[in-house]
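Okay, thanks for coming, everyone.

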Amino acid sequence: MLMLRAKPPPDWLDKVKSNLSAVLVDHAHLERKAATTALCLEKYKDLYPRVGELNSIAIEELQHFQLVLNLLKARNIPFGHAFPSPWISGLMKAIRNGSRHQAIDHLICCSLIEGRSCEKFQLLSGALAEVDAELATFYGSLVESEGNHYATYILMARDIDDPETDRRLDFFLDLDAKLIQQPNPYPILH
Ligand SMILES: [Fe+2]
Ligand SMILES: [Fe+2]
């Protein structure tokens, strides 16, 4: 269950809907980064026992990446560069140093990114039903997987330190709610 404290800005859906080609390129990068981030989490000592689960997430994200690349190819959209996301970099900048603190914060950030993807894919799936049925179905098909990643990352943080995860989650949920309201001119998902 998502516990986000703010909705995406009201103009987000229109901006995304009117720039679907750019959004698909951004989405491809998002899945690529999700795959590499799952592997990156394997560097934390506290997550050594979870290496198999993290590999499974990385494989799933790589499959998502390939699915988006297939869509790009079918639509003759070239794979291009990624736009920066002030929301993602704002979250990442708040990750503390120190192996255990860093692991917990990093997991919470990943969880919020997965949670926002889950939320936004669901919104897109509904909004595109009449405009682009293929994309609507595609986004709908990703909702459960991203929701599972959201839950898995939070549970991994809780397994390291439950009370500390509660404290940091409270901090990051406030930060997310503040950052998501900031104006962002790019046609990107986050
Ligand atoms: Fe994904
Ligand atoms: Fe994911």
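Before the metal site, one term: donors here are N, O and S atoms within 2.8 Å of the metal (3.2 Å for Na, K and Ca), and water is not among the atoms, so sites may look incomplete. Also, this is a predicted model, where local features need pLDDT of at least 70, side-chain atom pairs count only at pLDDT 80 or more, and totals for chains, interfaces and linings use all residues. Residues are numbered from 1 along each chain as its sequence is written, chains are lettered from A and ligands numbered from 1 in the order in which they are written, and side-chain values use heavy atoms, with hydrogens and water left out.

What are the protein donors of ligand 2? They are E61 (OE), E114 (OE), E114 (OE) again, E146 (OE) and H149 (ND1), lying 1.9 to 2.8 Å from the iron. Along the chain, the spacing of these donors reads E-x52-E-x31-E-x2-H. E61 sits in helix α3 (residues 51-74) and H149 in helix α6, 88 residues apart, so this pair links distant parts of the chain; helices are DSSP runs of H or I with at least four residues, strands are runs of E with at least two, and both are numbered from the N terminus. Both E61 and H149 are buried, where buried means under 20% relative accessible area, exposed over 50%, and partly exposed in between (1.4 Å probe, protein chains only).

Now, pockets. On a 1 Å grid over the protein atoms alone, a pocket is an open set of points where a 1.4 Å probe fits, with protein on both sides within 12 Å along at least five of seven lines, and lining residues have an atom within 4 Å of a point. The largest pocket is lined by 24 residues, with L30, K33, A34, I88 and I113 nearest its centre. α2 gives the most to that lining, with 8 residues. As for the second largest pocket, 16 residues line it, and P9, K15, I180, Q182 and N184 lie nearest its centre.

Last one: N76, in the loop between α3 and α4. N76 has a positive phi of about 55 degrees, although it is not a glycine. Is N76 buried or exposed? Exposed, because its relative accessibility is 69%.
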